Amino acid sequence: MKFFFSYPIRLKISIGILSVAIISYQLVLMQILSYLQWHHFAYMVISIALLGFGAAGAILTIFKNSLTKNSEKVIPFLLVLSSLISAAAVNLSQIEIFRFDSYTLFVSYSNLWKIGITYLFYLLPFFLMALVIGITFTVHADQIGRLYFANLLGSGAGGLLALFFISNYQPEQLAPLISSIPLLAALPIAKKKNIKLFASLISISIIIIAALLVFPQKFILSEHKSISKALNMPETKIFYEEPSAYGYIQIIQSNSLRHAPGLSLNYMDNVPINNAVFVDGNWFGPLLEKTKFDTTKYFQSVTGHLPFYLKTAPNILILDGGTGRDALHSLNSDTSIITIVEQNRAVIQLLNNQLADEVDSLFNNPKLKVIQLTSRTYLQQSNEKYDLIILPMIDIFGGSIGMFALREQYLFTKESLNKMFDLLTDSGYILINSWLDYPYRNSLKLFSTITEVLEEKGLIPIEHFLTIKNWNALSLLIKNNPFNNEEVSNAKKFAEEMSFDLVLYDGIKEFERDRYNVLQDDKFYDYLDKILYSKEKREVFYNQYLFNIKPATDDKPYFSQFMLWKSFPYIKESFGLYALPFFEVGYLILYLTLLQIFVAVIIFIILPLLKVKFSKGKRVWTILYFSGLGVGYMFLEIILIQKFTLYFGNINYAAAAVMCIMLVSSGLGSLMSGKLSKHIIRWFWVMAFIVVMIIVYSFIMNDLLLMTIGKSILTKIILTIALIAIPSFLMGFPFPVGIKLLKESTEELIPWAWGINASLSVLSAVLAVVIAIEYGFFIVMVIAAAAYLISLFSSIFQYKILKT
């Protein structure tokens, strides 16, 4: 096989293509697992799978001579094998004997072997692809700067490619599509001597991949997913499906589905039959056709009609508007204009075009203005005044089984609510609807958040609340100015007409709270009083209550994270051990993932030490230096993705932009790092500058982004590139410099060092989320700086030892 380029150049091209495959396969696999199970379970499996990098480093450390001696023969066959396994991994895990539901992990230990097999299926492709990179870095360590550049450049491109595939192909087609990329990586470095065998393997791989694309295996989702439950109802089917960058969209048609949150028991007419939208198998919203039923009477019979009953709201803002249910409700009142904010462009476009008939062309109504951003981003940009701001329904009827625990919810932070108050007219309202959960969590955290915001504004909280409930939901109305007697009187009249209960207003009587809909545990009202009437009692209550109901903030935006370690004994005693995952499975899986990775890191990093003989000084430096780089880089990446999600109003674009800019900039840094290993003092200064930049960012970035969030998109792009590219460029230097130094002194440590860096990067992806939940984003940034500082100090110390 004749090539125009020399082998070293072809090898760099191959590494670049392979890196595209690794990152895109990782992101695609996360999307598939988010669809099949939940995003937090995807996190768990991917973290374990990426430890294939650590395993590759360990194997390469132990069998270095055997693998590197014949690297030119071994690498192409490893690439073909990784292609085959990555194509089949998801399909194999879907075979009946291996398939399992993530919730069964907490119900029966007999399912543990299934999750072990699943880990193996997902680990093998990463292990094989990582082994190729490890062998290449070891054999060609003298070219590490250029190789690392190709590696990072390909990784950045992989993020964009994954976004394209996820947006345009069915979940069943994603893995086979990505699996073809390692075959492309194998072609430039194939040897003429083995061409017949190699061509045969390539042909077999292409046939298998083509078969999986043309005849995809239909995936089976977890039985606990919202769409799985919906499809169990009679006369229910999926009638439309579409991939998108926002998740896999499915619309069901049903003669059985009813969606009526807060509906009065006095309502005697038919509850409308709903079709509904699901994204990644999770409930997104109902599709209401105004022509099929009397929407006026229906909406006048729900708790959320309270603000419309009290007065006319000419200018309404609907946040996280979903499929437009609240917009349809608002149109039934005398409203001049409705602004609906919804970030899922794909669903909005569907309801605006192909499926407009499903919602009576609601989104084409001239009174409706649609903003396609995250709601919090819009709040930060807007200066318009509104008579009514409507927030999305909190939680899911029957409970969200803990799936939102790890999700950043910037819309429900103190800072967000404070901004809403700023956008209200003098007599304007904020309406928040919430399902009544038990044990009480969502509603109590909601009350505590609003109460603290009102207190910080110098107001008396009880004067600004007007709350009603039915048997399954409550509606909180909040106002900048105190509610007057007329408003309270009209609220009482509305509650009387609809058999709703008043929950909270200034001067409420105890008997008004449970007149029609009696709570199973009336301690709820005592809890409210502790939150509202005394700051001291509230703090005591926070500490004594069995769940975390302290307000979410922009630094800790996990509104739905309620679990505390003291919650577990209570849940076990009151509801049984098997109920634990249904309270907050995300929180459990996060810590289980951290534990699993920690054990795996010990196996893949510490144990190989027993097989390698080298000086103690080099061992300590290698651990500290490459661990610090892995932790610092990943911590910063996680935080930047969160910060720029709020900045741009879209998590998919923010993640793709941050990853692409960081990886490409770091790649350019590695390309420029060639001479730095010969100038040790300059290397130290680069590391020190990275530490300083991270510390400065931890103090100024949040304010800087909020100050410029309303600027033009071009200005924001330029600022984003500047903020991310500069530190990322510098962070591209330390890794190749460290590898070069090992090449010159202790070459046998190179695969082990690479394995440490890869494994600690994976561990850090989970650890960063744990720290953010428990302590906030600021602390994550501080630890990122500390990690680079450890790498710097260990290098200075090692340099002094070598000089003496």
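Is glycine 247 buried or exposed? With a relative accessible area of 2%, glycine 247 is buried, where buried means under 20% relative accessible area, exposed over 50%, and partly exposed in between, using a 1.4 Å probe and protein chains only.

Before I continue, please note that this is a predicted model, in which local features need pLDDT of at least 70 and side-chain atom pairs count only at pLDDT 80 or more, while totals for chains, interfaces and linings use all residues. Residues are numbered from 1 along each chain as its sequence is written, and side-chain values use heavy atoms, with hydrogens and water left out.

Glycine 247 sits in the loop between strand 1 (236-242) and strand 2 (249-254); helices (H or I, at least four residues) and strands (E, at least two) are DSSP runs, numbered from the N terminus. Leaving aside neighbours within four places in sequence, glycine 247 is in contact with Gln31, Glu242, Val279 and Asp280, contact meaning heavy atoms within 4.5 Å.

I turn now to helix 18. Of its 15 residues, 13 are buried, so helix 18 is largely enclosed by the rest of the structure. Helix 18 (residues 442-456) packs against helix 20 (residues 523-533) at an angle of about 20°, with the axes 9 Å apart. Axes here are lines fitted to C-alpha atoms, for helices over the stretch in contact, and angles run from 0 to 180 degrees between N-to-C directions. Helix 18 is therefore roughly parallel to helix 20, since angles under 35 degrees count as roughly parallel, over 145 as roughly antiparallel, 65 to 115 as roughly perpendicular and the rest as oblique.

Finally, just after helix 18, glycine 458 takes a positive phi of about 80°.
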